[in-house]
Amino acid sequence: MKDSTPLKENTLNVTEIFHSLQGEGPWLGIPATFLRLGGCVEPYCPWCDTPYALEESTRMSPRDILDALEGYPGRQVVVTGGEPFLQWDHGLADLHASLVLRGYRIQYETSGKVPFPLMPDALIVCSPKCIDGTWRFDPANRGRADYYKFVAHDPGSLEAMEGFIGLYALPKERVYVMPLGTTREEQLRHMEPLFCFCRDHGYRMTPRLHVLTFDSRRGV
Ligand code: SF4
């Protein structure tokens with residue numbers, strides 16, 4: 001469906017657009033088109049699973065992005081990064097408004113390092129990052145994400161996660177624990193201890209379905 005919404009002539013840093021299944025979190029297994037925006041907030045995570053989003057991007061207008069998204073099937077979009085909300089005032093807000101008008105369901109994947117914009121018509125999945133023992137999470141985002149997704153791999157990372165959950169009083173049903181790993185072998189190695197931890201402590205667990213299926217291949 002086309003509409004006449006004017007899109008300002010901003011441009012966004014786009015790393016990739018592709019259609020796939022959401023491989024993790026509350027939309028696990030759901031077909032969706034991914035818009036990966038380039039750029040993030042320093043310090044970068046030493047274990048960053050998308051380093052190419054920090055280095056590779058092309059400039060695209062909201063209109064061109066919209067046209068590209070409409071070329072794929074379905075009405076689910078996952079906007080990810082990098083840190084997508086860095087570009088909210090540089091064209092992402094306009095793109096968001098147009099997607100909502102067209103009836104898209106939108107999920108944002110964010111680290112929470114920058115304040116979330118005000119918008120009730122999308123799902124925010126926040127994956128807070130603990131770097132050098134410090135959570136890089138803007139306290140202004142307290143209580144504003146729909147779900148939290150923590151990457152964990154050992155007792156130390158699980159202990160840090162529970163510290164964050166306690167600090168921000170997060171309900172367990174809004175928390176997903178995901179094994180660290182950008183390869184199938186690494187994912188599988190961390191799954192059993194995380195499975196047992198989630199089972200014993202009442203958390204939800206999510207795999208990274210695309211990694212288990214395609215190993216470290218990009219854009220799938
Ligand atoms: S927040 Fe995400 S994109 Fe940014 S450095 Fe960390 S893992 Fe990479």
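1. Let's start with helix α3, which covers residues 92-101. Its buried residues are Leu-92, Asp-94, Leu-95, His-96 and Leu-99. Keep in mind as you look that this is a predicted model.

2. As for what lies over the buried residues of α3, the cover includes strands β1 (12-21), β4 and β5 (105-110), together with helix α2 (62-70). Just past the end of α3, look for Gly-103, whose phi is positive, at about 85°.

3. Strand β4, part of that cover, spans residues 76-80 and holds Val-78. Is Val-78 buried or exposed? Val-78 is buried, because 23 other C-beta atoms lie within 10 Å, and the cut-off for buried is 20 or more. Setting aside neighbours within four places in sequence, its contacts are Gln-22, Ala-32, Phe-34, Gln-107 and Glu-109. Trp-47, on the other hand, is 31 residues from Val-78 in sequence and 22 Å away in space, C-alpha to C-alpha.

4. Now find the ligand. The residues surrounding the ligand include Cys-40, Cys-45 and Cys-48, along with Gly-81, Gly-82 and Glu-83. Sorted by class, this shell has five nonpolar, four polar and three charged residues.

5. Just after α4 comes Ala-169, with a positive phi of about 50°.

Conventions:
Residues numbered from 1 in each chain as written. Predicted model: local features only at pLDDT ≥ 70, side-chain atom pairs only at ≥ 80, totals over all residues. Helix = DSSP H or I, 4+ residues; strand = E, 2+ residues; numbered from the N terminus. Buried ≥ 20, exposed ≤ 12 C-beta atoms within 10 Å, placed from the backbone. Contact = placed C-beta atoms within 7 Å. Near = placed C-beta within 6 Å. Nonpolar A, V, L, I, M, F, W, Y, C, P; charged D, E, K, R; others polar.
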